[in-house]
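Have the model open as you read.

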Amino acid sequence: MLAVLAIPAALFLQAAAPAQAAPTVHDLKATPTTVHRGFFDASLPPVLSIDSGDIVRLETASGNPRYFENLGVPKDKIPKELYAAFEGVEGASRGDHTLNGPILVRGAEPGDVLEIRIRSVEVRLPIAGQGFRPKRGVLPDEFDYQKDRVLWIDMKRQSVEYAPGVEVPVKPFWGVIAVAPAASRGRVPSGPPDVFGGNLDNRDLGAGSTVFLPVQSSGGLVSIGDGHAVQGHGEVCLSAVEASLKGEVQIILHKNKALKGPRAETATHYMSIGLNPDLDEAARLATSDMVDFLATTKGLSRDDAYMLCSAAMDLIISEAVDGTKGVHAMLPKSIFRK
């Protein structure tokens, strides 16, 4: 059973949309007809249409069976769900960016914001993969070759044994949460994150978090996937423990809400997100957006907001290896008494 967490109100927006008394719940499996791989495109037909406030129960798939077969895993040890999800896929790449969607939100238009509440997320299948590639990652000169490995998740202990005596607890989250880019941009690769969200690879966006994305095209067209059983901040070798996940999201439409790029919050922190190929610029963007948030929603002067950030805000490298670097700023909610 999924552990559904209570989500706070959309405090990063000045007014939340009215809550539905009984939102409709939709199921979205990972099948050849419900996923797309490695790109975002506003012209891609939606696989599901929902109303604001509806809940979507997701099952996402990461791990092409041919990838695991090539690493020596017997076919009877590979979940049949992966064979079904990757039916017709050629090649043996792992297929991390197998994305469910797009999900159309009725009434969403550019100039609006979609609030995506991660109500729950957990590991779905015990098999996972990880690896690095030549000249990639944070240490490209030290690791100028390719290596891949199969990792098995202990579903009872909710952990991964890396080596004898080395056990890593899982902390699952979806690496990709996105709306479609503007139609004028055409087909956009899903590797680097952007104004529409995408491959944020932010481990703090797990169960209990909320992501806010500025709508770029009609219907919003939400895509979710790239399941990570666990990942450190930065994802330094290029991949997390790439795994199939399941969970629930609730998507709420906010009309006519200005937002320059992704924002988020957890149960305990406000989060701004800076994205840029230059890490210093990503840090600047995250800080500037938090100052904007404090000035517009908390009534602080920009001078005081800037100094408050220096006193209480943490800058975290969420992603260091996808070309576009990600820095997210975390400001504790507990410092605000009202």
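Predicted model: local features only at pLDDT ≥ 70, side-chain atom pairs only at ≥ 80, totals over all residues.

Residues are numbered from 1 along each chain as its sequence is written, and side-chain values use heavy atoms, with hydrogens and water left out.

**Cysteines**
- Cys309 is buried, at 3% relative accessible area (buried is under 20%, exposed over 50%, partly exposed in between; 1.4 Å probe, protein chains only).
- Cys237 counts as partly exposed because its relative accessibility is 25%.

**Nonpolar cores**
- The largest nonpolar core has 48 residues (a core is a set of buried Ala, Val, Leu, Ile, Met, Phe, Trp, Tyr and Cys residues joined through side-chain atoms within 4.5 Å).
- Leu114, Trp174 and Val249 have the most contacts inside this core.
- Beyond neighbours within four places in sequence, Leu114 is in contact (heavy atoms within 4.5 Å) with residues including Val105, Phe212, Val222 and Ile252.
- A second, separate core has 15 residues, among them Tyr270, Met290, Val291 and Met313.

**Largest pocket**
- The lining of the largest pocket has 21 residues (a pocket is an open set of points on a 1 Å grid over the protein atoms alone, where a 1.4 Å probe fits, with protein on both sides within 12 Å along at least five of seven lines; lining residues have an atom within 4 Å of a point).
- Arg94, Asp96, His97, Leu238 and Ser239 lie nearest the pocket centre.
- The lining residues divide into 2 nonpolar, 9 polar and 10 charged.

Notes:
Nonpolar A, V, L, I, M, F, W, Y, C, P; charged D, E, K, R; others polar.
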